[in-house]
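Subject: Structure handover

Hello,

Please find the structure we talked about below. My notes come after it.

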Amino acid sequence: MMRLSHGRLRVPAGMVILGTGLAAAVLVGQGWHNAIPVEVVTVIAAVGYFLLGGLVTDVGTIYGSSGDERQQMVRLRAQALTGVVTVLAAVIGYMVQIARRAPTWPFGVVVGVAAASFVVGLAIYRVHDTFLGSPGVPEETRK
Amino acid sequence: MRNRVKEQRTQRGLSQAELAAALGVSRQTVISIESGRYLPSLPLAFRIARFFNVTVDKTFDPESEVPET
């Protein structure tokens with residue numbers, strides 16, 4: 001069973017915008033023969049994400065950026081895990097680059113941005129107790 | 001934490017889907033609450049209790065644990 005919700009297009013649209021930006025960068029740097037596959041993969045991924053978001057299941061509501069408080073919590077935990085794994089991967093990449101005597105700054109940027117985001121997040125959400133849209137936030141606050 | 005949501009729902013002859021629709025949550029969430037795998041937020045706990053016309057402590061018992069399955 002499929003459904004259509006307002007926020008369902010948000011992530012796929014973001015994927016298309018970022019993917020098109022990547023394809024444009026590839027076009028400038030490597031030419032159209034490499035840029036076209038990037039754009040095709042982007043569109044396929046965005047359409048797949050959109051279709052998954054239409055499923056009336058836990059996974060569907062999470063992909064569709066909707067759902068009740070439990071599903072929001074699941075999404076939040078999945079996002080937190082994504083962040084932790086990304087930072088770990090960046091730290092490992094940083095160490096590998098040091099060992100190879102190769103440039104480390106791309107991995108350093110990822111770790112630095114993650115650390116800064118964590119500090120900013122603490123500052124913001126400590127003040128507001130929790131973020132808007134999360135379980136525990138009064139309905140009137142979310143609007 | 002043990003709860004009596006399933007018991008109260010069946011007493012009213014409601015399906016999980018009907019209770020979910022009445023509470024504004026998904027059926028999967030009702031299932032998770034009934035099985036004790038998910039503790040609802042305070043607002044949702046109050047919505048559940050009000051729906052069954054009982055107090056929160058009649059629905060949720062903080063003193064008891066759901067047995068391991």
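Predicted model: local features only at pLDDT ≥ 70, side-chain atom pairs only at ≥ 80, totals over all residues.

Residues are numbered from 1 along each chain as its sequence is written, and chains are lettered from A and ligands numbered from 1 in the order in which they are written.

Chain B

Chain B contains five helices and two strands (DSSP runs, with helices being H or I of at least four residues and strands E of at least two, numbered from the N terminus). Read from the N terminus, the order is β-α-α-α-α-α-β. The radius of gyration of chain B is 11 Å, which agrees with the value near 11 Å for a compact globule of 69 residues; the radius is taken over C-alpha atoms, and the globule rule is 2.2 Å times the number of residues to the power 0.38. Along the principal axes, the C-alpha atoms of chain B fill a box of roughly 25 × 25 × 20 Å.

Buried residues make up 22% of the 69 in chain B. A residue is buried if 20 or more other C-beta atoms lie within 10 Å of its own, exposed if 12 or fewer, and partly exposed in between, with C-beta atoms placed from the backbone. Of the contacts in chain B with a separation of 6 or more, 54% join residues 24 or more positions apart; two residues are in contact if their C-beta atoms, placed from the backbone, lie within 7 Å.

Asn53(B) sits in the loop between α4 (42-51) and α5 (56-59) of chain B. Asn53(B) is not a glycine, yet its phi is positive, near 60 degrees. Asn53(B) counts as exposed because it has 9 other C-beta atoms within 10 Å.

Chain A

Chain A is split into domain 1 (1-67) and domain 2 (68-143), with bounds from an automatic or database domain assignment. Four residues of domain 1 of chain A touch five residues of domain 2 of chain A.

Arg101(A), in the loop between α4 (69-100) and α5 (105-127) of chain A, also has a positive phi, about 60 degrees. Arg101(A) is exposed, because it has 7 C-beta neighbours inside 10 Å.

Contact between the chains

Eight residues of chain B and nine residues of chain A take part in the contact. On the chain B side, helix α3 (residues 27-35) gives the most, with three residues.

Regards
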